Amino acid sequence: MRIVDAHCHLLPLIDDGPGGWDEAEALLGRLAVSLGSGSLCFASPHVRFSACAAQSSPVHARMDEYTAVVEKAAGGMRVGLAPEILLDALSPVPPELSFMCYPGTNRLLVELPPRLPGMIAVLMLGRLARRGFSLMLAHPERYRFAQRRSSAVVSLASAGIALQISLRSLRSPLSAVRLTAERLLRDGLCHVLASDCHHPGDAMLTECRGEIDTLSGRGSWDILCRTNPSAVVEGGRPVLLREALP
Ligand SMILES: [Fe+2]
């Protein structure tokens with residue numbers, strides 16, 4: 001089964017990812033060599049929920065421009081678009097949100113303000129779920145409610161929200177983020193591992209296989225980097241790591 005990196009900042013000059021087209025090409029080339037032919041990765045530029053309508057056209061236009069870079073540097077790797085939506089407001093759901101899902105699915109990659117109380121997070125995520133969206137929550141390890149207790153994260157998983165831990169967090173200088181990512185992985189409270197790479201020097205999924213299998217159990221990396229992300233981007237249901245392991 002192919003490797004899927006479901007969360008990468010590949011598009012240049014649009015968020016805190018590559019600062020120019022040369023850097024964007026270098027990052028894509030590194031991903032292609034690292035993940036190999038047949039793999040799949042997603043450009044996930046930051047989009048604010050409150051500005052989704054205004055940001056939709058520029059993001060899709062930049063992705064169209066990026067196609068030329070993909071043809072030059074991606075080798076046999078395929079690249080799709082799935083913006084990372086920051087839930088920064090309780091404003092009405094804009095119609096443009098439907099164009100932010102993993103292509104051909106109703107699955108959105110969402111992130112939360114880091115200090116949002118857990119109860120408000122549940123409210124915001126539940127509201128989108130009731131509108132028919134499936135959700136994958138980016139880097140739960142960064143949120144204060146998840147750093148304080150795992151029960152809040154268990155509740156999200158029980159509500160059908162896919163949990164995506166970032167490899168970037170395992171390299172974070174912030175100990176609260178790093179230790180929470182390790183704890184969630186150790187406890188099997190994760191569906192998907194993604195690089196969340198921003199620059200060519202960032203860690204790639206293929207570099208952490210031994211580390212993840214040591215932390216979470218043998219076979220974990222395959223579940224988190226192949227089986228579950230494939231299910232997510234194909235409109236299926238990923239299985240929580242601790243339920244998927246024998
Ligand atoms: Fe990200």
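Analyst: Buried means under 20% relative accessible area, exposed over 50%, and partly exposed in between (1.4 Å probe, protein chains only). The structure discussed here is a predicted model, in which local features need pLDDT of at least 70 and side-chain atom pairs pLDDT 80 or more, while totals for chains, interfaces and linings use all residues. Residues are numbered from 1 along each chain as its sequence is written, and side-chain values use heavy atoms, without hydrogens or water.

User: Why is T180 called buried?

Analyst: The relative accessible area of T180 is 3%, which is under 20%, so T180 is buried. This residue lies in helix α7 (residues 175–186); helices (H or I, at least four residues) and strands (E, at least two) are DSSP runs numbered from the N terminus. Leaving aside residues up to four places away in sequence, T180 touches E141, A146, Q147 and S175, where contact means heavy atoms within 4.5 Å.

User: How do you know whether S166 is buried or exposed, and which residues does it touch?

Analyst: S166 has 0% relative accessibility and therefore counts as buried. It belongs to strand β8. Among the residues that S166 touches are H7, H139, E141 and D196, residues up to four places away in sequence not being counted. By contrast, 25 Å separates the C-alpha atoms of S166 and V69, which are 97 residues apart along the chain.

User: What makes H7 a donor of the iron ion, and which are the other protein donors?

Analyst: Donors are N, O and S atoms within 2.8 Å of the metal (3.2 Å for Na, K and Ca); water is not among the atoms, so sites may look incomplete. H7 (NE2), H9 (NE2), E84 (OE) and D196 (OD) lie 2.1 to 2.4 Å from the iron ion, so they meet this limit. Along the chain their spacing is H-x1-H-x74-E-x111-D. H9 lies in the loop between β1 (4–8) and α1 (21–35) and E84 in strand β5 (residues 84–86), so this pair ties together parts 75 residues apart in sequence. Both H9 and E84 are buried.

User: Why is the arrangement of the 4 donor atoms around the iron ion called irregular?

Analyst: Their angles run from 79 to 165°. A tetrahedral site needs all angles between 85 and 135 degrees; square planar (four donors) and octahedral (six) need opposite donors over 155 degrees apart and all others between 65 and 115; anything else is irregular.

User: How do you know where the buried residues of α3 lie around its axis?

Analyst: In α3, G118, A121, M124, L125 and L128 are buried. They fall within an arc of 125° (taken from the directions from the axis to the C-beta atoms), so they line one face of the helix. Their packing partners are β6 (107–111), β7 (134–138), α4 (144–148) and α5 (151–158). The face turned away from the buried side carries the exposed residues M119 and R130.

User: What puts the buried residues of α5 on the same side?

Analyst: The buried residues in α5 are A152, V153, L156 and A157. They cover an arc of only 140° around the axis, which puts them on the same side of α5. These residues pack against α3, β7, α4, β8 (162–166) and α7. Just after α5, G160 has a positive phi of about 90°.
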